[in-house]
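Work through the exercises below with the model at hand. Each task is followed by a solution in steps.

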Amino acid sequence: MDSAEHRGKVALITGGGRGFGKAFGEALSSLGAHVVLADIDGGAAAEAAAEINAEGGSATGVACDVADEDQVGAVMGGITDRHGGLDVLVNNAGLHAAYNRPFTELGLANVRRVLDVNVMGVVICSLAAQEAMKGRAGASIVNISSSAAYANRSIYGVSKLAVRGLTVSFAREFAAHGIRVNAIAPGLIFTDTVRAQLSEAEAERVLGEQILRQEGTEQDIVEALLYLVSSRASFVTGETLRVTGGFALSV
């Protein structure tokens with residue numbers, strides 16, 4: 001990876017306080033970008049940013065609920081004021097495992113919350129970023145979908161299917177401004193948290209449904225992101241890259 005193209009760039013990563021979001025921030029910062037980590041847990045965002053800065057990177061942590069237009073607008077305004085614009089937006093914030101249950105179990109309030117965060121959050125952040133990204137060389141948005149988007153067994157899967165659709169729509173709409181829009185659909189990634197929560201039997205079931213019988217790692221998703229925001233993907237837009245070990249294959 002040539003770090004020169006990211007040096008001096010500015011990236012906003014939602015859900016940046018932990019997990020994939022934090023890993024994305026660490027990776028982009030290591031290549032010379034300034035990363036803004038936005039998270040509904042402002043303390044986690046600040047802590048993650050402090051860790052990146054301590055390692056010699058450049059990061060800012062901010063509190064932000066992606067479903068709140070005013071909060072997102074304030075974050076975007078701060079980025080424009082301090083840095084003059086935005087080069088990379090990673091729509092990573094989302095509600096996950098606890099909401100991957102049947103509609104009848106969740107109830108309408110929880111269903112609305114999932115749609116607000118996982119779907120409207122992508123819409124709100126993408127529209128807010130558009131002006132700040134216009135005309136920036138290599139401007140790129142990456143949305144985080146899921147292998148669950150190919151199964152659709154719950155509101156979580158449906159919300160991630162919507163993210164795939166939004167990726168195509170925004171790719172069409174933003175192309176005139178030089179902004180590429182893509183998505184990543186991770187499969188089951190064996191982070192420390194997942195490993196602690198997943199039974200051995202369930203892990204074996206998932207591995208058995210993959211074509212590649214190996215555990216996916218956080219770094220697999222980071223590498224996909226780094227590809228999509230790089231010049232190597234300059235002819236790629238509107239796509240969802242499945243990183244699932246073959247779990248979510250379909251025609």
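**Exercise 1: the cavity lining**

The lining of the largest cavity comprises eight nonpolar residues, one polar and no charged; Ala, Val, Leu, Ile, Met, Phe, Trp, Tyr, Cys and Pro count as nonpolar, Asp, Glu, Lys and Arg as charged, and the others, Gly among them, as polar. The model is predicted: local features need pLDDT of at least 70 and side-chain atom pairs 80 or more, while totals for chains, interfaces and linings use all residues. Numbering starts from 1 along each chain as its sequence is written, and side-chain values use heavy atoms, without hydrogens and water.

Task: name the residues that line the largest cavity, and state which helix gives the most to its lining.

Solution. Step 1: the lining consists of Leu12, Thr14, Ala38, Cys64, Val66, Val72, Val75, Met76 and Cys125. Step 2: helix 3 gives the most, with three residues. Step 3: strand 1 (10-14) and helix 3 (69-83) each supply at least two (DSSP runs numbered from the N terminus: helices H or I, at least four residues; strands E, at least two).

**Exercise 2: an aromatic pair**

Task: classify the ring pair Phe20 and Phe24.

Solution. Step 1: the ring centres are 6.1 Å apart and the planes lie at 25°, so the pair is stacked (centres within 6.5 Å make a pair; planes under 30 degrees apart are stacked, over 60 edge-to-face, the rest tilted). Step 2: both residues lie in helix 1 (residues 19-30), four residues apart, about one turn of the helix. Step 3: Phe20 and Phe24 are both buried (under 20% relative accessible area; exposed is over 50%, partly exposed in between, with a 1.4 Å probe and protein chains only).

Key
Rings of Phe, Tyr and Trp (its six-membered ring) pair if their centres lie within 6.5 Å; planes under 30 degrees apart count as stacked, over 60 as edge-to-face and the rest as tilted. On a 1 Å grid over the protein atoms alone, a cavity is a set of points where a 1.4 Å probe fits but cannot get out, and a pocket is an open set with protein on both sides within 12 Å along at least five of seven lines; lining residues have an atom within 4 Å of a point.
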